[in-house]
2 protein chains.
Amino acid sequence: MALSRTFPVLSLALAVSAATAADLPVRPSAGEIIKTSQPSDWRPLDVNNTLYMELPGGRVVIELAPDFAPQAVANIKTLAKEHYYDGLAVNRSQDNYVAQWGDPNGETNPKSLGSAKAKVPGEFSVPMSNDKHFVLQKDFDGYAPQIGHSNGFPVGRDPKARTTWLAHCYGMVGVGRDNETDSGSGAELYAVNGHAPRHLDRNITVVGRVVSGMPLLATLPRGGDTMGFYGPKETRAPIISVRLASDVPEAERSHLEVMRSDAAIYQKVIEAQRNRGGPWNKYAANYVELCNTTIPVREQPKP
Amino acid sequence: MALSRTFPVLSLALAVSAATAADLPVRPSAGEIIKTSQPSDWRPLDVNNTLYMELPGGRVVIELAPDFAPQAVANIKTLAKEHYYDGLAVNRSQDNYVAQWGDPNGETNPKSLGSAKAKVPGEFSVPMSNDKHFVLQKDFDGYAPQIGHSNGFPVGRDPKARTTWLAHCYGMVGVGRDNETDSGSGAELYAVNGHAPRHLDRNITVVGRVVSGMPLLATLPRGGDTMGFYGPKETRAPIISVRLASDVPEAERSHLEVMRSDAAIYQKVIEAQRNRGGPWNKYAANYVELCNTTIPVREQPKP
């Protein structure tokens, strides 16, 4: 059955297949561990820190991280409340890098930012004291002295400098800027659509994570201009609206919850990714990179 | 100019912008170093080890790596020569993981493999002596005792076991298999479309790299079934044909060349990615992950 659908996740139906020379012990997969979670292992998204970006293909849900970027998140919430993003567009889709959205006429005839600030100080890292939820991940990381997870986000930190920051993993959302550190307002945002560009860590204000709808951004046609910007003749995905979830009627909200990254079960999920079991796997890495430890998101179970 | 197009690549036009507290020295970017390359720093793709996969949207060019998977590459070349892949489809598109192609009826009414083998021994790693072109990358890697580049491919190796293997970076192409190590024939292949799933290293036969056309695979709609497989009602991208470049008339070939990963300039490219300069960058990581060091590909200059 060389063409079966078992690759690359363990199919339980085949768990009794022939042994090989390199058999690993069978261990529960991350997915199997997640299935054993309790309701208390999850938390709902905070409607006051969740954005809905409506694209023609559907909704992108972004969880904001005010602990890591208080000023930028506040400005973005102002922009959303005043409907700044409505009618703007995704202007850039660079393969294996970022999709970026904002004002397509920003350089020639920019839309007013309303009561939002045009410049926000860079929040490339913040004091460790901002972070009340950090749990260390023991694996080595080349981009940060320490890594871990905080309240549903992948983070790096430097215990000597006593700073912490959000890591540029797949789906993380950051603030486009020019050369000046305060030149980003949140009017122009991007989401990582490929291999983590971790060199951007501590160079950009990261404000949150796409927790649902990332395929809508990841599958956009790549732009033909420099750095994946769309050229004048290319079609851009329009942004219908961006709203704070709390400003959306209850019946129209997405009811998602995120695994608590400080719950004990999440450490088991990471360990299952660090050392995968047989029979499909033949070699266990005994290592998992920060950006391969995606924090689970699911629909809230019906009460 | 908060919405300008300078993010995140250095715009030379802005190189004289105001200094900040954290200014890094200005250094040539990877792109600027590549522009100083000499013709001898590049090699054309070998037409006997290059596949053209024609999709409705265009051509995907795959460079095969016979040094790392001699038996699988030979079988794939047989399949291509006998037009096995023609009329098959991309059957799976899983967000931030892989796009996978092969026989959509493989489980129910499989197409004949012709004179190709149905099973090929796993070539998850090969003797280091297979690799005549390895250049060490000094950065730490959690998935391999050593990393580097070999003849245009990212590789891991274990000097104690004297083995080497291709790393699962973005765009790398591998052989789908079932639980048995010899259950992959190359009839079912996949390309990495997201953050590198390096835990697959040494668990899969990797046969090459997409050197052009990766956006065609990366932007495919994600499949709605388990693991991103397309459900029965979803539209799959059909494969028009897969040909070895040497079987395609000269006038219809893609004329691409790859930077020689053992050329001195390539070490400069890596160093430019390891320590990026100002004025845009404020913090230099002094580190670059293996899968962030993409080997340059370009159109062959006209003679």
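Two strands are taken to pair if DSSP finds at least two bridges between them. In this predicted model, strand E5 (residues 98-102) of chain A and strand E12 (residues 189-192) of chain A meet that criterion, with 4 bridges in the antiparallel sense. Within this pairing, A:Trp101 stands opposite A:Leu189 of E12(A). E5(A) is also joined by 4 bridges to strand E4 (residues 89-93) of chain A, again in an antiparallel arrangement. Here A:Gly102 of E5(A) is the bridge partner of A:Ala89. The hairpin formed by E4(A) and E5(A) has 4 residues between its strands, and A:Asn96 in this hairpin adopts a positive phi near 60 degrees.

Of the 5 residues of E5(A), 5 are buried, so the strand is largely enclosed by the rest of the structure. In a regular strand, side chains alternate between the two faces of the sheet. Both faces of E5(A) are covered, with A:Val98, A:Gln100 and A:Gly102 buried on one side and A:Ala99 and A:Trp101 buried on the other.

The same surface serves both copies, as 100% of the contact residues of chain A recur in chain B.

The domain assignment divides chain A into domain 1 (18-42 + 259-298) and domain 2 (45-258). The C-alpha centres of domain 1 and domain 2 of chain A are 28 Å apart. Contact between these domains of chain A involves 22 residues of domain 1 and 29 residues of domain 2.

In chain B, an open sheet of 5 strands has the order E6-E10-E9-E8-E7, with antiparallel pairing. Strand E6 (126-127) and strand E7 (134-137) of chain B are at the edges with a single partner strand each, so one side of each has no neighbour in the sheet. Inside this order, strand E9 (residues 153-158) and strand E10 (residues 163-166) of chain B pair in the antiparallel sense over 4 bridges. B:Thr163 in E10(B) is the bridge partner of B:Asp158.

Helix H4 (residues 264-274) of chain B has as its buried residues B:Ile265, B:Tyr266, B:Val269, B:Ile270, B:Ala272, B:Gln273 and B:Arg274. The elements covering them include helix H1 (30-35), E7, strand E8 (146-150) and strand E15 (256-259) of chain B. In the loop between H4 and strand E16 (297-299) of chain B lies B:Arg276. This residue, B:Arg276, has a relative accessible area of 24% and is partly exposed. Apart from neighbours within four places in sequence, B:Arg276 is in contact with A:His199, B:Leu24, B:Arg27, B:Asn281 and B:Ala284. The C-alpha atoms of B:Arg276 and B:Asp158 are separated by 29 Å, the two residues being 118 residues apart along the chain.

Over all chains, the structure holds 5 aromatic pairs. One of them joins A:Tyr84 and A:Tyr85, whose ring centres are 5.3 Å apart and whose planes lie at 70 degrees, so the pair is edge-to-face. B:Tyr84 and B:Tyr85 likewise form an edge-to-face pair, at 5.3 Å centre to centre and with 70 degrees between the planes. A:Tyr84 and A:Tyr85 are buried, as are B:Tyr84 and B:Tyr85. A:Lys111 lies over the face of A:Tyr84, 5.6 Å from the ring centre. In chain B, B:Arg59 lies over the face of B:Tyr52 at 3.9 Å from the ring centre.

How values were computed:
Residues are numbered from 1 along each chain as its sequence is written. Chains are lettered from A and ligands numbered from 1 in the order in which they are written. This is a predicted model: local features need pLDDT of at least 70, side-chain atom pairs count only at pLDDT 80 or more; totals for chains, interfaces and linings use all residues. Side-chain values use heavy atoms; hydrogens and water are left out. Contact means heavy atoms within 4.5 Å. Helices (H or I, at least four residues) and strands (E, at least two) are DSSP runs, numbered from the N terminus. Rings of Phe, Tyr and Trp (its six-membered ring) pair if their centres lie within 6.5 Å; planes under 30 degrees apart count as stacked, over 60 as edge-to-face and the rest as tilted. Buried means under 20% relative accessible area, exposed over 50%, partly exposed in between (1.4 Å probe, protein chains only). A charge sits over a ring if NZ of Lys or CZ of Arg is within 6 Å of the ring centre and within 35 degrees of the ring normal. Domain bounds come from an automatic or database domain assignment.
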